[in-house]
Amino acid sequence: MLTDDASQRLTQVRDDIAHAARIADRKPEAVTLIAVSKTHDADAIRPLIAAGQRVFGENRVQEAEAKWPALREETPGIELHLVGQLQSNKAEEAVTLFDAIHSVDRESLVTALAKAMDKQGRRPACFLQVNIGDEPQKGGCPVAELPKLIEQARAADLPLAGLMCVPPLEVEPAPYFALLAKLARDHGPGGLSMGMSSDFPTAVTIGATHVRVGSALFGARA
Ligand SMILES: *Cc1c(COP(=O)(O)O)cnc(C)c1O
C-alpha cells in the first residue's frame with residue numbers, strides 16, 4: 001500500500017516535470033528531481049528507492065547522518081543533496097556526507113567548505129543560495145551581494161553548479177524564479193535549483209535544472 005502510494009506519487013511528479021518541460025521546449029532529462037526526505041524515516045524512504053528514485057535531499061546534517069549511511073549501504077548509487085542552512089562548523093561533516101550543497105550563502109562558509117574539500121579530496125557540487133525576495137529572516141546571500149560571493153567561491157575553487165532560491169511564501173513565485181534565472185545568465189554559474197511541491201512545474205518552465213520536492217512525494221510533514 002505504502003509502496004504503491006510512493007510509486008504513484010513519484011510517477012505523478014515525474015509526469016508533471018515532463019509536461020512542464022515540454023511546454024518550455026526543454027528536455028525532461030534536463031531536470032533533476034531531488035526527493036526531499038527531511039523528517040521522514042527510512043521506512044518512508046525505502047518505497048521511493050524501490051520505485052527507482054536515487055536523488056534525495058535533506059535539510060539537516062545530523063538527521064542525514066542518522067538516516068543515510070544505512071540506506072546507502074542497502075542501495076548503491078544514491079545521490080544526497082543538502083538543501084537546508086549549513087553552519088560553518090558543520091562544513092566538514094557536510095562535505096563527507098553530501099554530493100551537493102545548495103545553501104552556500106556567505107564567505108565564511110565558502111572558506112570552511114573549501115578547506116574541508118581540500119582536506120578530504122571530495123568535492124560536492126555547490127549551489128549559491130540567493131535570498132531572492134530580500135527577506136530579513138531568510139537564509140541566502142542578498143541579491144546585490146551575489147557577484148561578490150560568486151567571485152569568492154571561484155577564488156576558493158569551489159565546484160560551482162548553480163544558484164538556488166526559496167521564494168517568499170504565498171505570493172506568485174514566477175517573478176522570483178525569473179530573477180534567479182536572470183542572475184544565472186548574467187553572472188553564471190548555470191544551474192538553477194528552484195521549485196518545491198507547490199510550484200515545481202512553474203520553476204521547470206522558467207529553467208529549473210533541480211527541483212526540490214518533499215510533501216508531493218512523501219505526504220505532509222508532521
Ligand atoms: C523542505 C524543503 C523543500 C521541500 O519542500 P516541499 O514543500 O515539501 O516540497 C525544498 N527546499 C528546501 C530548502 C526545503 O527546506
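Reader: Between which strands does the loop with D134 lie?

Author: Helices (H or I, at least four residues) and strands (E, at least two) are DSSP runs, numbered from the N terminus. Read that way, D134 lies in the loop between β5 and β6 (141-142). D134 has a positive phi of about 45 degrees, although D134 is not a glycine. The model is predicted: local features need pLDDT of at least 70, side-chain atom pairs count only at pLDDT 80 or more, and totals for chains, interfaces and linings use all residues. Numbering starts from 1 along each chain as its sequence is written, and side-chain values use heavy atoms, with hydrogens and water left out.

Reader: What is the phi of D25, and is D25 buried or exposed?

Author: Buried means under 20% relative accessible area, exposed over 50%, and partly exposed in between (1.4 Å probe, protein chains only). D25 has a relative accessible area of 74%, so D25 is exposed. The phi of D25 is positive, about 60 degrees, though D25 is not a glycine. The loop that holds D25 runs between α1 (2-23) and β1 (32-36).

Reader: Which peptide bond is cis?

Author: The one that joins G188 and P189, with omega at about -15 degrees. P189 sits in the loop between α7 (174-187) and β8 (191-193).

Reader: Which strands pair with β4?

Author: Two strands pair if DSSP finds at least two bridges between them. β4 and strand β3 (residues 79-82) pair in the parallel sense over two bridges. β4 also runs parallel to strand β5 (residues 125-131), joined by three bridges. I101 of β4 stands opposite L82, and in β5 the bridge partner of I101 is C126.

Reader: How many residues of β4 are buried?

Author: Five of the five residues of β4 (residues 100-104) are buried, so β4 is largely enclosed by the rest of the structure. In a regular strand the side chains alternate between the two faces of the sheet.

Reader: What is the hand of the unit made by β3, α4 and β4?

Author: A crossover is right-handed if, with the strands pointing away from the viewer, the path from the first strand over the helix to the second runs clockwise. β3, helix α4 (residues 91-97) and β4 make a right-handed β-α-β unit. β4, helix α5 (residues 107-120) and β5 also make a right-handed β-α-β unit.

Reader: How many aromatic pairs are there?

Author: Rings of Phe, Tyr and Trp (its six-membered ring) pair if their centres lie within 6.5 Å; planes under 30 degrees apart count as stacked, over 60 as edge-to-face and the rest as tilted. This rule gives one aromatic pair. In the pair of F56 and W68 the ring centres are 4.9 Å apart and the planes stand at 40 degrees, so the pair is tilted. The pair links distant parts of the chain, 12 residues apart: F56 in strand β2 (residues 55-58) and W68 in helix α3 (residues 61-74). F56 and W68 are both buried.

Reader: How many disulfides are there?

Author: A disulfide is a covalent bond between the sulfur atoms of two cysteines. Here it is counted as a pair of cysteine sulfur atoms within 2.5 Å, and the count is zero. C141 is in no disulfide; its nearest cysteine sulfur, that of C165, is 12 Å away. For C165, too, the closest cysteine sulfur is that of C141 at 12 Å, too far for a bond. C141 is buried, with a relative accessible area of 2%, and C165 is buried at 0%.

Reader: Which side chain does Q53 contact?

Author: A polar contact is a pair of N or O atoms within 3.5 Å; within protein, one must be able to donate a hydrogen and the other to accept it, and residues adjacent in sequence count only if both atoms are side-chain atoms. Q53 makes a side-chain contact of 3.4 Å with R14. A polar side-chain atom of Q53 also lies 2.7 Å from the backbone oxygen of V55. Q53 is in the loop between α2 (42-50) and β2 and is buried, with a relative accessible area of 3%.

Reader: Which residues surround the ligand?

Author: A residue is near a molecule or strand if one of its heavy atoms lies within 4 Å of it. Among the residues surrounding the ligand are V36, K38, S197, R212 and S215. An N or O atom in the side chain of S197 is 2.5 Å from an oxygen atom of the ligand. R212 has a polar side-chain atom 2.9 Å from a ligand nitrogen, and S215 has a backbone N or O atom 2.8 Å from a ligand oxygen.
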